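Please look through the sequence and the structure shown below before reading on. The notes that follow are grouped by topic.

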Amino acid sequence: MKFFVDTADIKEIAELNETGLLDGVTTNPSLILKSGRDIKEVIAEICTLVDGPVSAEVGATDLEGMKREGSILAEIAEQVAIKVPLTWDGLKACRYFAEQGRMVNVTLCFSASQALMAAKAGAAFISPFVGRLDDIGQDGLALIQDIRTIYQEYFFETEILVASIRSPLHVVRAAKIGADVSTIPYKVMRQLIEHPLTDRGLEQFVKDWAATGQKI
Ligand code: G3P
């Protein structure tokens, strides 16, 4: 499973990138707002830090606007995945950019039928929002399973990019289903390796090692 970080915060990206475990980055208009930066500048900077796909979302909701904005975002770097919403115009824009050989990330996916349509439109990534489905009392991970089944049945190459992740459990369950990518908030990324027994065990080992008086 590939790990993307869901942030437009350069400090967070730089820190996680140092681990060598980061495969890409996703952003959205809310994350750009939170960064306080100009979208073109911040996306360009992220692209200098990270090798993998960097999703940058259009602000327009009409086809012409998405084509215009998507082309501007695409010019920033080859690794930019143009992010469009799951609407009819979004799917048309997806087809338009996919035919030019560009990666498109279709976002705001909440149903299997939407995911099927995005794959048919040539999306490189489909972004189902698991956390937001859980928030309204539905099972977000059940959607991931449905999409996996459908994509496998028809050999779609669209990658399932699990979004709106709230906890390490979301990541583990998505991995068990065979999702291609998890896009993970910084805080959850840190939580992925935390365990109280690891901390307690290490504390004891450090103490016992010091008591041996040895050095390696
Ligand atoms: O980028 C899309 C997604 O990950 C949003 O997550 O936490 O705002 O539901 P959230």
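**Briefing on the predicted model**

Tyr96 is partly exposed, because its relative accessible area is 30%, where buried means under 20% relative accessible area, exposed over 50%, and partly exposed in between (1.4 Å probe, protein chains only). This is a predicted model, in which local features need pLDDT of at least 70 and side-chain atom pairs count only at pLDDT 80 or more, while totals for chains, interfaces and linings use all residues. Residues are numbered from 1 along each chain as its sequence is written, and side-chain values use heavy atoms, with hydrogens and water left out.

**The chain as a whole**

- The protein chain has 11 helices and 8 strands, which are DSSP runs numbered from the N terminus (helices are H or I with at least four residues, strands are E with at least two).
- Along its principal axes, the C-alpha trace of the protein chain spans about 70 × 40 × 30 Å.
- Of the 216 residues in the protein chain, 44% are buried.

- From C-alpha to C-alpha, Tyr96 and Val58 are 14 Å apart in space, and they are 38 residues apart in sequence.
- Ala112 belongs to helix 6, residues 112–120, and counts as buried because its relative accessibility is 19%.
- Ala112 and Gly59 are 53 residues apart along the chain, and their C-alpha atoms are separated by 24 Å.

**The ligand and its surroundings**

- Around the ligand lie Asp6, Asn28, Lys83, Phe129, Arg132, Ala163, Ser164 and Arg166 (a residue is near a molecule if one of its heavy atoms lies within 4 Å of it).
- An oxygen atom of the ligand lies 2.5 Å from a polar side-chain atom of Asp6, and for Ser164 a polar side-chain atom is 2.7 Å from an oxygen atom of the ligand.
- In the side chain of Asn28, an N or O atom is 3.0 Å from an oxygen atom of the ligand.
- On its own the ligand has 310 Å² of accessible area, and the protein covers 81% of this (areas come from the Shrake-Rupley method with a 1.4 Å probe; for residues, only the protein chains shown count as cover).

Terms used:
Polar contact = N/O pair within 3.5 Å; in protein donor to acceptor, adjacent residues only side chain to side chain.
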